[in-house]
Amino acid sequence: MQELLGRIAKLDPEASLGLRVIACFDELMAGEVNSHALASAAAALAGCPAGFRSGDGSRQLRVDSGGVSIPGDRPAEVAALSLPNDSEVWLEREDVVLPNDELILERFGLAIGVRFGLERQQLETPRDVALALDPAATPEDRSAAAVRLGLTPGSGYRVLAAPLFAVFEKRPAGPTDVITSEHGTLQVVIVTDDTEGIAVTPAGLGPSGSIGELPRSLRAAVVALRLSRPPEEGLVRAENFGGLVELLAESSDTTDPDAALIDEIMDSPWAESTVRVLLEAPTIRQAARDLGLHHSTVQSRAEQIERCLGYDPLSGYNRTRLGISVLRWRLRNSRALELPGPVG
């Protein structure tokens, strides 16, 4: 499916949106997420509330496009799809029906049908992944949820965060769910800290920690995800930035006093690549070699950056100051979570 999606996206971007819906629910079913996660995905993709009701009335849920549960019965007028045993799923669209609503409803219904197959009716899992990652929950409740998920106290784990439309070349093993963040609806997977071969794009991987530190790993994973830039940087590992991603995860995006100056610098077409290499290379000459430019050209650009910022960006802690400002600039301009929902 992912290979087909890539091919069709090059030929017909509009048609690929439908296939992205199919791929999204395929990944969620492969991850065996619960019904709330499936409804959250349907609502986020459609951009309107979605819901499910079992035939005997014992299970019913409604979720808004932000993944938050809605109390009460569904409205009388909804786009509904009947399932076996008198169960149903629906979208609560108030305005014009969008082209992919029918497909979203169909895949949502299929996923719910698999989730509540007759042989599995008693196996609906609680939202233990969301609870284990919830910083508002008590440490005792988070720990109990993690143990129920099969996680081991004393072992190290990381959180992988990806948007609904992420491409999983191979889904890593571990408890998974769909959660809502201030930046959008996410798929999350809790993986062991020695998990190798993760191939997901775009995605962010949080730092390793104990089960009590899973919320911290999630916060860093979301920042790392927002730093991703497919195809060049599909999967971003928080640990590759030496703690800066965790620092950013604990602070506001709007607290950089150099933001306006960085925006001015980044308006130059050469700026982003030059700044990146200047931050990574030990000397101007090495930066010039990495960029394939004469060192006098890179020196001139470094001086231009210094004049704009008002400090030498390559001196002492100034390099870190510039690095943090550049990461904040990338977060302000991130598109990792923007495309393409809701699917119209």
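How many bridges join β7 to β8, and in which sense do the two strands run?

1. In this model, which is a predicted one, β7 and β8 run antiparallel and are joined by six bridges. A hairpin of two residues leads from β7 to β8, and within the pair T176 has V189 of β8 as its bridge partner.

2. On its other pairing, β8 (residues 184–192) meets β5 (residues 157–163) over seven bridges, again in the antiparallel sense. Here the residue to look for is A161, whose bridge partner in β8 is V188.

3. These strands belong to an open sheet of five, with the order β7-β8-β5-β10-β11 and mixed pairing. The edges are taken by β7 (176–181) and β11 (235–237), and because each has a single partner strand, one side of each is left without a neighbour in the sheet. From one strand to the next the twist averages 25 degrees. Helix α7 (residues 214–227) lies across β5, β7, β8, β10 (203–205) and β11, and its direction is at about 40 degrees to β5.

4. A second open sheet has four strands in the order β2-β1-β4-β3, and its pairing is antiparallel. Its edge strands are β2 (60–63) and β3 (79–82), each of which has a single partner strand, so that one side of each lacks a neighbour in the sheet. The twist in this sheet averages 10 degrees from one strand to the next. Four bridges hold the antiparallel pair of β3 and β4 (residues 88–91), in which S82 stands opposite E88 of β4.

5. Helix α3 (residues 35–46) lies across β1 (50–53), β2 and β4, running at about 35 degrees to β2, while helix α4 (residues 101–115) lies across β1, β3 and β4 and runs at about 150 degrees to β4.

6. Turning to helix packing, α10 (residues 271–280) and α13 (residues 317–332) pack at an angle of about 140 degrees, with their axes 10 Å apart. At that angle α10 is oblique to α13, and the crossing of the two helices is left-handed. The residues that meet are E272, V275, L278 and L279 from α10 and R319, L322, G323, V326 and W329 from α13; by class, this contact of α10 with α13 comprises six nonpolar residues, one polar and two charged.

7. Helix α10 also packs with α12 (residues 295–309), at an angle of about 95 degrees and with the axes 11 Å apart, and the two are therefore roughly perpendicular to each other. T274, V275 and L278 of α10 make this contact with V298, R301, A302 and I305 of α12, and the residues divide into five nonpolar, one polar and one charged.

8. For the chain as a whole, the secondary structure comes to 13 helices and 11 strands. The radius of gyration is 23 Å, close to the 20 Å that the globule rule gives for 344 residues, so the chain is as compact as a globular protein of that length. Taken along the principal axes, the C-alpha atoms fill a box of roughly 75 × 50 × 35 Å.

Terms used: Residues are numbered from 1 along each chain as its sequence is written. This is a predicted model: local features need pLDDT of at least 70, side-chain atom pairs count only at pLDDT 80 or more; totals for chains, interfaces and linings use all residues. Side-chain values use heavy atoms; hydrogens and water are left out. Axes are lines fitted to C-alpha atoms, for helices over the stretch in contact, and angles run from 0 to 180 degrees between N-to-C directions. Angles under 35 degrees count as roughly parallel, over 145 as roughly antiparallel, 65 to 115 as roughly perpendicular and the rest as oblique. A crossing is left-handed if the near helix is turned anticlockwise from the far one by less than a right angle, and right-handed if clockwise. Contact means heavy atoms within 4.5 Å. Ala, Val, Leu, Ile, Met, Phe, Trp, Tyr, Cys and Pro count as nonpolar, Asp, Glu, Lys and Arg as charged, and the others, Gly among them, as polar. Two strands pair if DSSP finds at least two bridges between them. The radius of gyration is taken over C-alpha atoms; the globule rule is 2.2 Å times the number of residues to the power 0.38.
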